[in-house]
Amino acid sequence: MAHTEAHGTFLSVSRDKAETIFPPMTYSEGPSSHEMMTAKDIHGQDWDFKHVFEKGQQRHKVTVGWAAFVKNKELVKGNSVMFTKAKEGPNGC
């Protein structure tokens, strides 16, 4: 993580990674699209984030909820955060 991601209000995610890992996004008209998503940490706690795609800069960001996650996990510059996509089982989990 960069300094701005460890102390700011958003995480930048490359387009190819976001479109592979994050839930599908419905792109709307206008300068940006956004949807809420829930991620589960390695301890099983759910975290709600807003996933934003800025069309002008062609970048994805994790915004609302990011600062609380960083603070709770005591993340600092140089730490890594990994998102993985869970495979759905027969019960939807």
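A residue is called buried here when its relative accessible area is under 20%, exposed when that area is over 50%, and partly exposed in between, with a 1.4 Å probe and protein chains only. The model is predicted, and local features therefore need pLDDT of at least 70, while side-chain atom pairs count only at pLDDT 80 or more and totals for chains, interfaces and linings use all residues. Residues are numbered from 1 along each chain as its sequence is written, and side-chain values use heavy atoms, with hydrogens and water left out.

Searching the whole structure gives 7 aromatic pairs, where rings of Phe, Tyr and Trp (its six-membered ring) pair if their centres lie within 6.5 Å, and planes under 30 degrees apart count as stacked, over 60 as edge-to-face and the rest as tilted. In one of these, the ring centres of Tyr 27 and Phe 53 are 5.3 Å apart with the planes at 80°, so the pair is edge-to-face. Phe 53 counts as buried at 3% relative accessibility, whereas Tyr 27, at 38% relative accessible area, is partly exposed.

The rings of Phe 49 and Phe 69 likewise form an edge-to-face pair, because their centres are 5.7 Å apart and their planes stand at 80°. Both Phe 49 and Phe 69 are buried, and they belong to one aromatic cluster that also holds Phe 22, Trp 47, Trp 66 and Phe 83.

A charge also meets a ring: the charged end of Lys 61 sits over the ring of Phe 10, 4.5 Å from its centre, the criterion being NZ of Lys or CZ of Arg within 6 Å of the ring centre and within 35 degrees of the ring normal.
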